Structures are given as C-alpha cells and as structure tokens.
Amino acid sequence: MRIDLKTKWMIFLFFLFCAAVGGGAQAKKEDLPPPLTSLAKDGIHDPENPAINALQNPDESLKSFPKDSRGEVDWVKALRDGLIDPRHSLNNSESDALSVLDMDVIMEQTAGMPHVRFPHKAHTEWLSCDNCHDKIFIPKKNANPVTMDKIFQGQFCGRCHDRVSFSLWVCNRCHNVLHEKSPKKAWWK
Ligand code: HEC
Ligand code: HEC
Ligand code: HEC
C-alpha cells in the first residue's frame, strides 16, 4: 500500500499529539479548574460558608474581559486594551516600575508544530528578569533543553503556564510561527 505525503503527515501529527497528551496526563490532573468555574466549585472556597454569597462569581466579575479560545481571560489583551492597570508594587511607587523588554525569541525545536514566539514584552510587563533568569532559563537563545514533556511536568514554561498563566491546552498562543514543515491546516486550535 502506498501512503501519500498528506497521510504520512496526519500519522506523524497523530503520534505527536498522543505524545503531548500522554506527557500531559499529569498536567491535566493538576490543571486549573475550567475557566469561570463558580467559587463554590473551585476547590478553594468553602461552599458551606454563607459568606460565599457576598462574593461575585467569575462568570459575573470577568464577564466583560476578552477571552482566549479556551474561554480563559486573555490578560495580555486586557492590559493592552487598558481594561486593567496593575500596580507596580504594594505602594505603587514609580521606582518599582518594571523595565519592559520588547524582544521576541523564536524557539524552533518544535517538530511539526509551528515555532514558538517567546515574547519578552508580554512577560516583562508583569515579571522582572530575575523571575526567569537564570534559575528557570539561561538568557541565551537555544541554551535551554525545553521539551513539551518537561513543560507538562511543570518545568520551564510550565512553571507558570497551566498554573498562574494561561493553559498549555491553548497550543496556538505559543506555537504561532508557521514554517515550511508545519501543516497548512491548524488542527491544534
Ligand atoms: C518569563 C520568563 C522570562 C523573563 C521574565 C525574562 N526572560 Fe529573557 N529569556 C527567556 C527565554 C525563554 C529566553 C530564550 C531562551 C532559549 O532560547 O533557550 C530568553 C532569552 C533572553 C536573552 C538571550 C536572547 C538571545 O537571542 O540569545 C536575553 C539577553 C534575555 N533573555 C534578557 C532578559 C532581560 C534583560 C529580562 C528582563 C528585562 C528578561 N530576559 C526577562 C525568558 C524570560
Ligand atoms: C506556554 C507555551 C506553550 C504551549 C501552550 C504549548 N507549547 Fe509546545 N512547546 C513550547 C516550547 C517552548 C517548546 C520547545 C521549543 C524549543 O526548545 O525550541 C515546545 C515544543 C513542542 C513540541 C516539540 C517536541 C517536544 O516534545 O518538545 C511539540 C510537538 C509541541 N510543543 C506540541 C504542543 C502541543 C500539541 C500543544 C498544545 C496541547 C503545545 N505544544 C502547547 C511551548 C508551548
Ligand atoms: C515566571 C512565569 C512564566 C514563565 C516561566 C513563562 N511565562 Fe509566559 N506568561 C506568563 C505571564 C504572567 C503572562 C501574561 C499573563 C497571562 O497571559 O496569563 C505570560 C504570557 C505569555 C504569552 C503571551 C500570549 C499572548 O497572547 O500575547 C506567551 C506567548 C507566553 N507567555 C509563552 C511562554 C513560553 C513559550 C514560555 C517558556 C519558554 C513562557 N511563556 C514562560 C508567565 C510565564
């Protein structure tokens, strides 16, 4: 039987997907509750406590924020649209302002997935350099042995994504630079 190129790609991608999902079994277990879960069901608040009724549920408090394809709030867009204005620190003094670095690093060890554009800007608007350098990432292109498996296990990008930042299950927010070998049809969206 002759397998055409397109079918070969589909098989290859299927295995990649299984590898990613297999590696992700642990990530899924620890995954954040689905977006906009009510406070009584989020596993953090006590549903028996009558004071819970004094609090707004996320579907109400986060109603008018922009969302990503998983239905999570897109905080980067909320910041850019001026919907939020986070404080620099507790006393919000200008001397605590973060130094924003507008530098993208394209990470290319992505097999058949589009390359990853790592945006320093979207990070340094909220984080300082020493949140990542040098403990999580050596500040040098290609100096870090990042794999999807390690990310799903909570290393590298997984230190924050799927925890305090957007979910690893929205592949295209990171894998968004198409290249010769990436498939034409975006099955991962
Ligand atoms: C959220 C984590 C994070 C933060 C915060 C961060 N970086 Fe990075 N930085 C990275 C990653 C990831 C890379 C790419 C590493 C790789 O390719 O293996 C990188 C790469 C770099 C590089 C090397 C670029 C190159 O082309 O070789 C420099 C320089 C750098 N960062 C400086 C900074 C400075 C200065 C700040 C603070 C203003 C900062 N970074 C904040 C994650 C971060
Ligand atoms: C938070 C950002 C982020 C998200 C979300 C993400 N990836 Fe990745 N992925 C990466 C980085 C970074 C690499 C390593 C790139 C490098 O080292 O050059 C990578 C590498 C990969 C690779 C290359 C082989 C390997 O195992 O390392 C595959 C395949 C992959 N990702 C698939 C996926 C799939 C499928 C999803 C969605 C279920 C996904 N990724 C979501 C950042 C992400
Ligand atoms: C120290 C925590 C931390 C680490 C490590 C980290 N991120 Fe992030 N990332 C964030 C935060 C916080 C934001 C902005 C708020 C949000 O979207 O939740 C963000 C935003 C982003 C965005 C912007 C998405 C957009 O829509 O503009 C991308 C892309 C991204 N991260 C990819 C990565 C990749 C790839 C890695 C690993 C190479 C990584 N991040 C490592 C915390 C982190």
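Which elements each supply at least two residues of the shell around ligand 1? In this predicted model, strand 1 (104-107) and helix 5 (120-124) do so. Helices and strands here are DSSP runs, numbered from the N terminus: helices are H or I with at least four residues, strands E with at least two. Residues are numbered from 1 along each chain as its sequence is written, while chains are lettered from A and ligands numbered from 1 in the order in which they are written. Because the model is predicted, local features need pLDDT of at least 70 and side-chain atom pairs count only at pLDDT 80 or more, whereas totals for chains, interfaces and linings use all residues.

The protein has six helices and three strands. From the N terminus, the elements follow the order α-α-α-α-β-β-α-α-β. Of its 189 residues, 11% count as buried. A residue is buried if 20 or more other C-beta atoms lie within 10 Å of its own, exposed if 12 or fewer, and partly exposed in between, with C-beta atoms placed from the backbone. Contacts are pairs of residues whose C-beta atoms, placed from the backbone, lie within 7 Å. Among contacts between residues at least 6 apart in sequence, 48% join residues at least 24 apart.

The mean pLDDT of the protein is 86, and 83% of the residues reach 70 or more. Over residues 18-27, pLDDT stays under 50. For this stretch the model has 10 contacts beyond four places in sequence. Where pLDDT is low, the predicted coordinates should not be read in detail.

The three strands form an open sheet in the order 1-2-3, with antiparallel pairing. Strand 1 and strand 3 stand at the edges, each with a single partner strand, so one side of each has no neighbour in the sheet. Neighbouring strands are turned by 55° against each other on average, direction ignored. Axes are lines fitted to C-alpha atoms, for helices over the stretch in contact, and angles run from 0 to 180 degrees between N-to-C directions. Two strands pair if DSSP finds at least two bridges between them. Strand 1 and strand 2 (residues 115-119) are joined by four bridges. Here Ile 106 stands opposite Arg 117 of strand 2. Two bridges link strand 2 to strand 3 (residues 175-177). His 115 has Val 177, in strand 3, as its bridge partner.

A residue is near a molecule if its C-beta atom, placed from the backbone, lies within 6 Å of it. Ala, Val, Leu, Ile, Met, Phe, Trp, Tyr, Cys and Pro count as nonpolar, Asp, Glu, Lys and Arg as charged, and the others, Gly among them, as polar.

Ligand 1 is surrounded by 20 residues, the closest being Cys 129, Cys 132, Pro 139, Lys 141 and Asn 144. Helix 5 gives the most to this shell, with three residues. By class, the shell holds 10 nonpolar, eight polar and two charged residues.

Around ligand 2 there are 25 residues, the closest being Met 107, Gln 109, Thr 147, Cys 171 and Cys 174. Helix 1 (5-23) and helix 6 (148-152) are the elements that give two or more residues to the shell. The shell around ligand 2 has 17 nonpolar, five polar and three charged residues.

Ligand 3 has 21 residues around it, and the closest are Val 76, Ala 122, Cys 157, Cys 160 and Ser 165. Two or more residues of this shell come from each of helix 4 (75-80), strand 2 and helix 5. Strand 2 provides the largest share, three residues. The shell around ligand 3 divides into 15 nonpolar, four polar and two charged residues.

The loop between helix 2 (25-30) and helix 3 (58-61) contains Gly 43. Gly 43 is exposed, because 9 other C-beta atoms lie within 10 Å. With 9 C-beta neighbours inside 10 Å, Asn 53 counts as exposed. Asn 53 and Leu 39 are 14 residues apart along the chain, and their C-alpha atoms are separated by 9.4 Å.

Methods. Contact = placed C-beta atoms within 7 Å. pLDDT = per-residue confidence, 0-100.
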